[in-house]
Amino acid sequence: MLAIFICSHSDFSTGLKKSAEMIAGPLDFVEAFSLWEGESLESLAAQIREKYDFYHSQQIPVVCLCDLENATPYNACIWALSDTHCRIFAGANLPLVLELALGRDMAENLDEFLDQCLRSAQGALNAIGVQDFLTAND
């Protein structure tokens, strides 16, 4: 098992979790953390650490997905988890959440699984002109 922490500004993290659940059904061990205007990095880091300690006590590894690299939610994860072996992904998106959530139970090697998820997420970004799409699908 793998716990997934989604950390973002405002309600992006809860939206990602809800969107993933709309597609895949209820997702256990997925936590959404939101940084709200006026909230401190320390406050968010404390929330993250509290949940981390809960999962760590059950020997469940944690991966963090953050909306932006070097932004406050990302920095809160770094600060909260600086003494752990967690992996933190910047650029959280729905394909990444789904791949992690749906593939985590089948992963034999956690590091290899996380590396594959990162490669898949990077490859999921695509741009196409509408007319090109329509022409290709005639």
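Two strands are said to pair if DSSP finds at least two bridges between them, and the legends below apply this to a predicted model.

**View 1. The pairing of strands β1 and β3.** Strand β1, made of residues 3-9, is joined to strand β3, made of residues 62-66, by five bridges, and these two strands run parallel.

**View 2. The open sheet of four strands.** The strands of this open sheet follow the order β2-β1-β3-β4, and their pairing is parallel. At the edges of the sheet stand β2 (30-35) and β4 (87-90), each of which pairs on one side only. When direction is ignored, neighbouring strands of this sheet are turned against each other by 20 degrees on average.

**View 3. Helices α2 and α3 against the strands.** Helix α2, which comprises residues 41-57, lies across β1, β2 and β3, and runs at about 170 degrees to β2. Helix α3, which comprises residues 72-80, packs on the sheet and touches β1, β2, β3 and β4, while its direction makes about 140 degrees with that of β1.

**View 4. A nonpolar patch on the surface.** The residues I128, V130, F133 and L134 form this patch, and together they have about 400 Å² of accessible area. Among them, I128 is found in the loop between α5 (110-123) and α6 (130-136). I128 counts as exposed because its relative accessible area is 54%, where exposed means over 50%.

Key:
Residues numbered from 1 in each chain as written. Predicted model: local features only at pLDDT ≥ 70, side-chain atom pairs only at ≥ 80, totals over all residues. Heavy atoms only, no water. Patch = residues over 30% accessible without salt bridge, like charges linked within 9 Å, V, L, I, M, F, W, Y side chains within 5 Å. Areas by Shrake-Rupley, 256 points an atom, 1.4 Å probe, with all protein chains shown as cover. Salt bridge = Lys/Arg side-chain N within 4 Å of Asp/Glu carboxyl O. Buried < 20%, exposed > 50% of the residue type's maximum accessible area, 1.4 Å probe, protein only. Axes fitted to C-alpha atoms, helices over the stretch in contact; angles between N-to-C directions. Contact = heavy atoms within 4.5 Å.
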